[in-house]
Amino acid sequence: MDKWYKENPLEDNKAVAEMNAEIERMVEQSTKACDPETETDDCWVIDLRDKNFPSELL
Amino acid sequence: MYVGENYEQVKHLGKGGTGDTWAFIDKRSGEQVAIKFLKRPLPKVLLENIKREFLIQAELGFGHENVIKAYEAVLTPTHLCLVMEYARGGSLTAYVADKWKEAQQRGLFLSEDEARFFFKQFLSAVNYCHHHRVVHRDLKLDNTLLDAATPPAIKICDFGFAKTWSEEANMYTQIGTPVYMSPELMNQATKEKGYDGRSVDVWASGILLLVMLLGSFPFDHTEHPDPNTSEAHLEVWLQQVSKRWSEVPHMAEAVKKLSPEIKDLLNRIFVIDASKRVTVQQIKRWVFLNSNSHSNSNSTGVRRSICPTLTRALLVRSPGTLGTTSRCRMATSRSGTRSRRSRRSWTSGTRRTRWRITRPWRR
């Protein structure tokens with residue numbers, strides 16, 4: 001397990017890092033009240049379905 | 001409640017420490033989902049916890065059948081929402097409480113076979129979390145849901161207190177639900193030495209198993225009902241360090257109803273020294289979990305009445321409040337880094353890291 005993590009560090013995986021960063025941005029945004037000047041009534045949605053671990057780790 | 005045009009509100013499911021959970025229908029699939037609503041603006045003090053919960057839930061949910069799946073994170077003008085799998089069977093607390101009549105007849109709330117069935121699933125999910133360097137830290141019956149299948153599958157939920165670790169598992173925050181918390185978590189010295197989050201989950205797993213069977217907590221804070229007080233923590237800790245779980249007065253009679261196999265397992269779980277406590281991996285190999293029949297003395301069919309004090313956990317506390325979560329910060333974790341993660345599709349075996357943001361806000 002540790003070996004797998006060492007061989008697959010997060011920083012090497014740009015897309016995963018971006019997705020995590022996007023979730024973090026969303027949560028940080030939620031600490032502010034909605035600003036009608038910059039935000040529409042629409043929702044900001046992040047699909048989480050693709051965040052899977054490989055089966056060999058199960 | 002509004003989560004975008006894809007969801008239609010059905011009913012209120014429950015109120016948690018940070019927000020409410022509602023059942024919705026996903027109009028695209030026709031399936032029911034559970035949506036946790038956190039009101040904006042979120043208190044900044046909760047920022048890191050909620051970030052962690054969303055990230056952990058997103059990463060763990062789709063990898064294991066016994067962990068609640070997270071579908072979407074949604075930010076609306078009024079709320080931050082987490083769209084999750086809906087477990088129709090309710091909580092394990094309610095399921096066990098409904099076994100009151102059976103408990104009067106056989107002396108156990110769930111039979112050892114049924115408890116084994118649930119506990120195996122539960123352990124598998126906990127093992128999966130630990131494998132991915134996530135400790136839950138609030139494992140309990142309330143956070144263990146059931147689906148609508150017969151027999152039901154369990155689903156671990158609420159990763160609000162969960163944490164990842166990088167190189168070392170040691171943590172420093174005193175967190176959890178007192179009746180499920182391990183001695184090292186209760187001990188004030190923890191803020192100096194830290195604790196291994198995996199051992200904390202093992203202890204809580206043992207409590208969960210025992211409550212499934214006997215309907216009672218071995219270590220409780222009856223003198224100090226408010227779980228958020230240091231007095232309640234001290235009361236539980238004093239019981240833990242002064243008596244073995246099977247020698248606590250209100251447990252002594254009930255313990256006789258357990259089979260030797262299960263007592264053996266619990267003896268290895270309720271070990272004060274966390275370094276000598278069994279691991280989840282070791283429990284999975286234990287005789288109790290791998291036997292289809294056991295030498296339970298109750299199988300003689302003798303009608304037994306259960307000890308009245310044993311039912312306090314399930315009768316005095318309503319199902320929604322069984323083991324109220326307490327959070328008592330001693331120090332922040334010294335391990336602030338998230339675990340290293342990478343993903344690939346487990347269906348294709350090839351690395352797949354696509355991500356998608358639909359209908360983004362205009363910013």
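**Close-up 1. The bridge partner of Gln9(B) is found in β2(B).** In this predicted model, Gln9(B) is paired with Phe24(B). Strand β1 (residues 7-15) and strand β2 (residues 20-26) of chain B run antiparallel and are joined by seven bridges; two strands pair if DSSP finds at least two bridges between them. A hairpin of four residues leads from β1(B) to β2(B). Strands (E, at least two residues) and helices (H or I, at least four) are DSSP runs, numbered from the N terminus.

A note on reading these views: residues are numbered from 1 along each chain as its sequence is written, while chains are lettered from A and ligands numbered from 1 in the order in which they are written. Because the model is predicted, local features need pLDDT of at least 70 and side-chain atom pairs count only at pLDDT 80 or more, whereas totals for chains, interfaces and linings use all residues.

**Close-up 2. Helices α4(B) and α7(B) pack against each other.** Look for α4 (residues 112-131) and α7 (residues 197-214) of chain B, whose axes are 10 Å apart at an angle of about 165 degrees. Axes are lines fitted to C-alpha atoms, for helices over the stretch in contact, and angles run from 0 to 180 degrees between N-to-C directions. The two helices are therefore roughly antiparallel, a term for angles over 145 degrees. Among the residues making the contact are Phe118(B), Phe119(B) and Phe122(B) of α4(B), and Leu208(B), Leu209(B) and Met212(B) of α7(B). Two residues are in contact if their C-beta atoms, placed from the backbone, lie within 7 Å. By class, this contact has 10 nonpolar, two polar and three charged residues. Ala, Val, Leu, Ile, Met, Phe, Trp, Tyr, Cys and Pro count as nonpolar, Asp, Glu, Lys and Arg as charged, and the others, Gly among them, as polar.

**Close-up 3. Domain 1 of chain B touches domain 2 of chain B.** The domain assignment, automatic or from a database, gives domain 1 (7-85) and domain 2 (92-327). Here 16 residues of domain 1 are in contact with 21 residues of domain 2. On the domain 1 side, helix α1 (residues 47-60) of chain B gives the largest share, six residues.

Technical notes: Parallel < 35°, antiparallel > 145°, perpendicular 65-115°, else oblique.
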